[in-house]
Amino acid sequence: MTSTASGHEVVPLEGDELRRQEKDFTGYADLGMVRFNPGRCLFMEPFTKFADKIYKFPVKSSDVYVVTWPKCGTTWCQEIVWTMRNNPNLDNQMAKMPVNGRVPFLEFDMLLKSKLLKPPAPDNPMMQGFQKMCPGKDPSDGVFFQMSEALPDPRTIKSHLPLSLLPPDMLKTSKVVYVARNPKDVVVSFHHHSRLFKGHNYVGSFEDFVQYFVDDDLLYGPYWLHLKEAWERREESNLHFIFYEDLKSNNIEELKKLNRFLETKLTDTQLEKISNYTSFNEMKSRDLVPGDSASDYMNVEVIHKDGGFFRKGTVGDWKGKYTPELEVKIDNWIKKNLQGFGINFKYSTA
Ligand code: PPS
């Protein structure tokens with residue numbers, strides 16, 4: 001057992017708990033799994049190499065961090081925030097680069113160790129971007145971590161880590177946009193993601209996936225803890241809290257709030273254009289596949305059957321996905337965990 005700079009104990013998963021993960025998450029669980037206690041956040045073992053570096057990551061006053069639990073609307077907000085800050089007139093050539101190149105994923109390196117992923121060739125655009133941004137740096141010290149460090153100001157950076165594992169001065173120094181999404185849509189979306197991406201390669205059933213979710217046994221661990229840590233700080237001036245469902249139903253109003261928070265001073269016309277540019281259909285049509293082909297890192301049969309990363313982009317797609325018993329289970333779990341929160345999630349567009 002080791003301790004981290006954030007004050008967590010790193011506890012490896014063992015025995016049946018690890019074997020269950022290895023059986024179902026065949027893209028990563030064989031790397032070893034660890035819990036960060038207190039909190040029970042769950043990661044693959046390679047995260048431990050980055051945990052302290054991330055906790056001590058030097059944040060800047062011009063940084064904006066997009067922080068979410070997985071599948072809550074991160075990519076959408078990455079594109080909105082980057083565009084508002086760097087491409088207000090939609091004429092910046094940098095926008096042609098995939099969003100994760102412009103808004104790097106701080107802890108993504110832990111996900112690149114899967115044996116199901118081919119090591120990226122030197123001519124892979126991600127590696128070329130790394131060589132350009134971080135000349136002379138060793139990729140084994142973290143491609144995405146070092147790109148996040150080297151990103152020119154003003155930096156916009158993505159993370160799925162809870163606030164307690166991110167730099168403690170982040171909310172004092174930088175701005176954080178936190179996105180939350182209703183848990184019933186989140187688990188449907190994460191189930192798809194985990195089947196789609198070879199780095200996860202989930203081979204179990206949807207029912208079991210929901211069980212992993214309610215047991216806090218999915219990657220990153222407890223959904224509620226992540227949410228609580230941000231929700232409790234929602235009044236702080238450097239934290240802006242958004243619900244995916246509001247962004248969907250009242251996009252322009254949410255962009256106006258972001259405009260004030262980010263101090264981007266965009267006009268209503270600019271915001272209208274950005275709203276359209278970052279809509280689901282527009283982002284899906286621009287979806288750029290970095291690297292040689294999608295099949296290097298995605299399961300193509302899943303794309304054909306159920307869609308790619310830009311799958312549905314709606315509120316309420318969970319309907320019809322749960323058996324009555326499973327729905328009772330997740331509804332009870334939500335009811336229990338929402339007590340005292342003061343959040344009313346929207347589960348449909350109506
Ligand atoms: S990730 O991989 O955890 O960073 O995923 P994340 O980006 O958080 O969430 C992916 C879901 O967001 C949907 N999405 C969008 N919805 C509406 N508008 C836009 N522009 C948009 N872009 C992405 C994406 O389709 C995933 O949701 P589902 O329900 O699976 O479609």
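This is a predicted model: local features need pLDDT of at least 70, side-chain atom pairs count only at pLDDT 80 or more; totals for chains, interfaces and linings use all residues.

Entry 1: I found Phe-47, Phe-50, Ala-51, Ile-54 and Tyr-55 buried in H2. They lie on the same side of H2, because they cover an arc of only 130° around the axis. Next I asked what the buried residues of H2 pack against. My list came to strand S3 (33-37), strand S4 (41-44) and helix H6 (143-150).

**Entry 2: the ligand.** I counted 22 residues around the ligand, and Thr-74, Thr-75, Ser-189, Lys-312 and Gly-313 come nearest. Helices H3 (74-86), H8 (183-196) and H14 (280-286) each supply at least two residues of that shell. H3 gives the most, with three residues.

Then I looked at polar side chains. Lys-158 has a side-chain N or O atom 2.9 Å from an oxygen atom of the ligand, and for His-160 such a distance to a ligand oxygen is 3.1 Å. Tyr-244 places a polar side-chain atom 2.8 Å from a ligand nitrogen. On its own the ligand has 640 Å² of accessible area, and the protein covers 98% of that.

**Entry 3: cysteines.** How many disulfides does the whole structure hold? My search gave zero. I wanted to know why, so I checked two cysteines. The sulfur of Cys-41 has its closest cysteine sulfur in Cys-72, 14 Å away, which is too far for a bond. For Cys-72 the closest is the sulfur of Cys-77, at 10 Å, again too far. I noted that Cys-41 is buried, at 5% relative accessibility, and that Cys-72 is buried too, at 1%.

Conventions
Residues are numbered from 1 along each chain as its sequence is written. Side-chain values use heavy atoms; hydrogens and water are left out. A disulfide is a pair of cysteine sulfur atoms within 2.5 Å. Buried means under 20% relative accessible area, exposed over 50%, partly exposed in between (1.4 Å probe, protein chains only). Helices (H or I, at least four residues) and strands (E, at least two) are DSSP runs, numbered from the N terminus. The arc is that of the directions from the helix axis to the C-beta atoms. Contact means heavy atoms within 4.5 Å. A residue is near a molecule or strand if one of its heavy atoms lies within 4 Å of it. A polar contact is a pair of N or O atoms within 3.5 Å; within protein, one must be able to donate a hydrogen and the other to accept it, and residues adjacent in sequence count only if both atoms are side-chain atoms. Accessible areas come from the Shrake-Rupley method with a 1.4 Å probe; for residues, only the protein chains shown count as cover.
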